[in-house]
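Hi,

Here is the structure I promised to pass on. Please open it alongside this note; what I found follows below.

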Amino acid sequence: MLLCVALLVTGCSTSVDDHKYHRPALNLFSYFDGEVKAWGMLQDRSGKQTRRFSVDILGTVKGNTLTLNEDFVFDDGEKQQRIWTITRHSDGRYSGTAGDVVGEATGKTAGNALNWQYTLRVPVGDTTYEIAFDDWMFLQDDVRMFNVATMSKWGFHVGTVTLFFEKQ
């Protein structure tokens, strides 16, 4: 029985390398160099929409470093800022840090996709939770990109973030 469960779980997993032939190819640094706008929503584990937001992003590339200055505005008026520092490695992998990210984010591109994984400190009321993100970005064309991130805590699905990016 354990073997069947293991095969079922591994049979359903997706690797970023599954997208290596999908075009257009995503160049993360080229896409985010300059101004990008994004719109998104958060959904709880049952799929209920809980928040909507917009993001103004300014990206700056210097060598193998991309700095993303993200300004969020939520539908309830709350504002947040996140500043990512992302390093490009020679093998198509990326690592990154931000003030509310625990440790280091890691990711890899292949074809039109990026899979990015990290743990984010998320404040809720008087408590802050550490939530694991499995973040997938898919380049649609030179201007538009889709993003779906699943959120989990202790291995349990707690929500989803969906974003649409548009390069300005």
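First, a caution: this is a predicted model.

I started at a turn. β3 and β4 form a hairpin with four residues between the strands. Gly 77 there has a positive phi near 95 degrees. The two strands, β3 and β4 (residues 79-88), run antiparallel and share nine bridges. Across that pairing, Thr 65 faces Thr 87 of β4.

On to the other neighbour of β3. Strand β2 covers residues 49-62 and pairs with β3 in the antiparallel sense, over 10 bridges. Thr 60 has Thr 67 in β3 as its bridge partner. This hairpin has two residues between its strands. Its turn holds Gly 63, again with a positive phi, of about 65 degrees.

Now β3 itself, residues 65-74. In a regular strand, side chains alternate between the two sheet faces. Which residues of β3 lie on the covered face? They are Leu 66, Leu 68, Glu 70, Phe 72 and Phe 74. Note the Glu 70 in that list. The uncovered face has Thr 65, Thr 67, Asn 69, Asp 71 and Val 73.

β9 (residues 144-153) and β10 (residues 156-167) pair antiparallel over 10 bridges. Asn 147 stands opposite Leu 163 in β10.

Best wishes

Methods: Residues numbered from 1 in each chain as written. Predicted model: local features only at pLDDT ≥ 70, side-chain atom pairs only at ≥ 80, totals over all residues. Heavy atoms only, no water. Buried < 20%, exposed > 50% of the residue type's maximum accessible area, 1.4 Å probe, protein only. Pairing = 2+ DSSP bridges.
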